[in-house]
Amino acid sequence: PAGAPPPARGGALKQALADPVTARVFLISFITISGFAGIEATYGLWTEVKFGWGPREIGWAFMLAGLIGAICQASATGWLVRRYGEGRVLMAGLIFIGLGTLAQFTAASWHMAALGLAIVVFGQSITFPNLVALISMATPPERQGEVLGLNMSNSALARIGGPVLAGQLFSLVAPGAPFLLTAVLILPALLLAWQVSARVRDRSA
């Protein structure tokens with residue numbers, strides 16, 4: 001009701017997780033961001049081991065990533081959403097992330113690794129804006145800032161846990177293990193995205 005005090009932080013989180021769309025979007029955010037943060041944390045070490053790269057080559061790779069992300073978010077993301085809708089574009093973005101991480105995991109040359117990085121960045125560029133959009137669509141206007149803030153906290157936790165896990169995988173399992181884990185985790189994220197897309201269509205019907 002109007003004039004009612006906002007729920008406490010724990011209550012706000014409970015309300016957000018009670019919504020099937022918001023809860024699934026939170027999980028997708030955690031999976032994708034933890035995976036990407038882990039890859040970011042170990043990328044320099046991986047390219048050094050795999051291709052003998054140094055700071056110069058890694059700098060060029062991240063410049064390429066930033067350029068692709070800027071172009072995609074400035075042009076492609078909005079056009080794709082207008083044409084296909086947030087849910088479908090989210091699923092497509094996750095597929096690109098999965099394919100890109102697999103390409104890097106199996107890369108036998110730096111050319112394939114660079115292509116995989118470009119595919120991952122494109123996938124993220126169309127995934128992350130749609131996660132925010134879906135939260136806004138599923139949340140009443142007066143609570144959108146609160147729920148988006150909760151998702152930012154969720155993302156921050158993912159950025160803490162992802163690099164820790166990736167570092168352990170890199171050192172104890174194999175240098176490419178963080179890429180493989182991210183690709184595998186995309187599968188449940190895709191299922192969640194499909195469920196989100198179906199629920200959003202039902203709500204707008």
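Predicted model: local features only at pLDDT ≥ 70, side-chain atom pairs only at ≥ 80, totals over all residues.
Is tyrosine 43 buried or exposed? Tyrosine 43 counts as buried, because its relative accessibility is 2% and the cut-off for buried is under 20%.

**Entry 1: aromatic rings**

I stayed with tyrosine 43 and looked up ring pairs. My search of the whole structure gave six aromatic pairs. One of them joins tyrosine 43 and phenylalanine 62: the ring centres are 5.5 Å apart and the planes stand at 65°, so I noted the pair as edge-to-face. Tyrosine 43 belongs to helix H2 (residues 20–51) and phenylalanine 62 to helix H3 (residues 55–84), so this pair ties together parts that are 19 residues apart in sequence.

Next I looked up tryptophan 46 and phenylalanine 51. Their ring centres lie 5.6 Å apart with the planes at 85°, so I wrote edge-to-face here as well. Tryptophan 46 is buried, with a relative accessible area of 2%. Then I asked which residues the ring pairs link into a cluster. My list reads Tyr43, Trp46, Phe51, Trp53, Phe62 and Phe179.

I moved on to threonine 127, which I found in helix H5 (residues 110–138). Threonine 127 counts as buried because its relative accessibility is 0%. What does its side chain reach? I traced the threonine 127 side chain to the backbone oxygen of glycine 123, at 2.7 Å. Setting aside residues up to four places away in sequence, I listed Leu90, Gly93, Leu94 and Ile97 as the residues threonine 127 touches. I also took a C-alpha separation: threonine 127 and valine 81 are 46 residues apart along the chain, and their C-alpha atoms are separated by 11 Å.

Isoleucine 135 is in helix H5 too. With 0% relative accessibility, isoleucine 135 counts as buried. Which residues does isoleucine 135 touch, not counting those up to four places away in sequence? I wrote down Val25, Phe26, Val147, Leu148 and Asn151. For methionine 152, 17 residues from isoleucine 135 along the chain, I noted a C-alpha separation of 12 Å.

**Entry 2: an arginine in a loop**

I looked up arginine 143 and found it in the loop between H5 and helix H6 (144–172). Buried or exposed? Arginine 143 is buried: its relative accessible area is 16%, and the cut-off is under 20%. The side chain of arginine 143 makes a polar contact with the side chain of glutamate 146, at 3.1 Å. Leaving out neighbours within four places in sequence, I recorded Ala12, Gln15 and Ala16 as contacts of arginine 143.

Which residues make the nonpolar patch of about 290 Å²? I noted Leu102, Phe105, Leu180 and Val184. Helix H4 (86–105) and helix H7 (177–204) are the elements that give two or more residues to the patch. Leucine 180 is partly exposed, at a relative accessible area of 35%.

How values were computed. Residues numbered from 1 in each chain as written. Heavy atoms only, no water. Patch = residues over 30% accessible without salt bridge, like charges linked within 9 Å, V, L, I, M, F, W, Y side chains within 5 Å. Areas by Shrake-Rupley, 256 points an atom, 1.4 Å probe, with all protein chains shown as cover. Salt bridge = Lys/Arg side-chain N within 4 Å of Asp/Glu carboxyl O. Helix = DSSP H or I, 4+ residues; strand = E, 2+ residues; numbered from the N terminus. Buried < 20%, exposed > 50% of the residue type's maximum accessible area, 1.4 Å probe, protein only. Phe/Tyr/Trp six-rings, centres within 6.5 Å; stacked < 30°, edge-to-face > 60°. Contact = heavy atoms within 4.5 Å. Polar contact = N/O pair within 3.5 Å; in protein donor to acceptor, adjacent residues only side chain to side chain.
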